[in-house]
Amino acid sequence: MDSIKLSDVADALNLSVTTVSRALSGKGRVAESTVEKVRAYISEHSYIPNRNAQALVFRRTFSIGILVPMDALVSEVWFFHKALMGAVRTASSMGYDTIVSVHDEGDSLKKLIASKKADGYIFLRAVEDDPNISMLSERNIPFAVIGNCRDKNALCVDCRNEEHASELTERLVGMGAGKLLLLLGDMSHTVNTERRRGVEKVAENVSVVTGVQTAEDVDRALENAGDYDAVIAGDDLLCLKVDSSSNRRNVKLLSSLYPSPLIKGMDGVVAAEGNDPSLLGSESAGLLIENLNNREKISGEK
């Protein structure tokens, strides 16, 4: 027999659709004899739960939203692509669909929440004082973040940025680099705060320049690079900009706090260790969906 509906089971057994739903979900008070009758019927007729029917029964969409930063197509493309794919694969393996949306300061998330198309959300980047995170937290909507977040409701996937930065700095110091110049981008991105902390934890003599984003910013920051034993770029993109700067000749030793295919093969660059973005994405999806499933179990026990 082809896949049948809840109403078909209800009609065949002279039960209400609500009773059949409760018998399948384990919610509500249903006589054990009725539960056994429903299970026997669906087993005999190879009943396959319809996703829409499941959504109605459990009041869930079985979808999660993945929020990609607005600048993902022009910065850190490799990281966000792999993290996104990791999250999508894991969500699919756990029976969830995914909706990809833009993470910005506009109304994108507000509209997505209003549409009720997702049960929870994943942020591919952690940002300080993010209004979108506050919005989800206040509405008690589950969310996961790749990176660290101060919100008590956040499910955080630790990228070990501070630890990796400390390890790289130790390597540079071991190579004789006593005076360091650290270049960092947008400090609202928590990754940059963590990397700065990791470098300063090890280095005794480090100068920090923040807000470095454009090629002009890099050129200005490197004007006195010759006074330092090594320049540490906050990520792979900054490292590329340093390497192509007109002041590159002033840099004695170049390093990057994040490795990626972009800097592989670059001569003389010392790179930090890094996580596989696909694993970070996978872990964030797993954490979020596990939380959603646990909420359902707790709700069903009440």
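**Exercise 1. Two helices side by side**

Which residues in α8 meet which residues in α9? Describe the geometry of the pair as well.

*Solution.* First, a word on the ground rules. This is a predicted model, in which local features need pLDDT of at least 70 and side-chain atom pairs count only at pLDDT 80 or more, while totals for chains, interfaces and linings use all residues. Residues are numbered from 1 along each chain as its sequence is written, and side-chain values use heavy atoms, with hydrogens and water left out.

Step 1: find the elements. Helices (H or I, at least four residues) and strands (E, at least two) are DSSP runs, numbered from the N terminus. Helix α8 covers residues 161-174, and α9 covers 190-202.

Step 2: list the contacts, meaning heavy atoms within 4.5 Å. From α8 come Asn161, Glu162, Ala165, Ser166, Thr169 and Glu170; they meet Val191, Glu194, Arg195, Arg197, Gly198, Val199, Lys201 and Val202 of α9.

Step 3: sort these residues by class. Ala, Val, Leu, Ile, Met, Phe, Trp, Tyr, Cys and Pro count as nonpolar, Asp, Glu, Lys and Arg as charged, and the others, Gly among them, as polar. The contact of α8 with α9 then has 4 nonpolar, 4 polar and 6 charged residues.

Step 4: Two packed helices are described by the angle between their axes and the distance between the axes. Axes are lines fitted to C-alpha atoms, for helices over the stretch in contact, and angles run from 0 to 180 degrees between N-to-C directions. The axes of α8 and α9 come within 7 Å and cross at roughly 40 degrees. The crossing of α8 past α9 is right-handed (near helix turned clockwise from the far one by less than a right angle; left-handed if anticlockwise).

**Exercise 2. The largest cavity**

What volume does the largest cavity have, and which element gives the most to its lining?

*Solution.* Step 1: recall the method. Rolling a probe the size of a water molecule over the atoms shows where empty space is left. On a 1 Å grid over the protein atoms alone, a cavity is a set of points where a 1.4 Å probe fits but cannot get out, and lining residues have an atom within 4 Å of a point. Grid points are joined across faces, edges and corners, and a volume is the space filled by probe spheres set on the points.

Step 1: count. There are 2 cavities of 30 Å³ or more, and the largest has a volume of about 270 Å³.

Step 2: read the lining. It has 24 residues, with Phe79, Cys159, Asn161, Val191 and Arg195 nearest the centre. Two or more residues come from each of α5 (77-93), α8 and α9; α9 gives the most, with 4 residues. By class, the lining has 11 nonpolar, 8 polar and 5 charged residues.

**Exercise 3. The sheets**

In what order do the strands of the sheet containing β7 stand, and where are its edges? Then do likewise for the sheet containing β2.

*Solution.* Step 1: apply the pairing rule, which asks for at least two DSSP bridges between two strands. This gives an open sheet of 5 strands, β7-β6-β8-β9-β10, with parallel pairing. β7 (206-209) and β10 (269-271) each have a single partner strand, so one side of each lacks a neighbour in the sheet. The twist averages 25 degrees from one strand to the next.

Step 1: zoom in. Strands β6 (180-183) and β8 (230-233) are joined by 4 bridges, and Leu180 has Ala230 of β8 as its bridge partner. Helix α11 (236-243) packs on this sheet, touching β6, β8, β9 and β10, and makes about 160 degrees with the direction of β9. Helix α8 lies across β6, β8, β9 and β10 too, at about 140 degrees to β10.

Step 2: turn to the other sheet. Its 5 strands follow the order β2-β1-β3-β4-β5, and the pairing is parallel. β2 (97-103) and β5 (155-157) stand at the edges, each with a single partner, so one side of each is left without a neighbour in the sheet. Here the twist averages 20 degrees from strand to strand. Phe123 stands opposite Val145 in β4, and α5 lies across β1, β2, β3 and β4 at about 175 degrees to β1.

Key: On a 1 Å grid over the protein atoms alone, a cavity is a set of points where a 1.4 Å probe fits but cannot get out, and a pocket is an open set with protein on both sides within 12 Å along at least five of seven lines; lining residues have an atom within 4 Å of a point.
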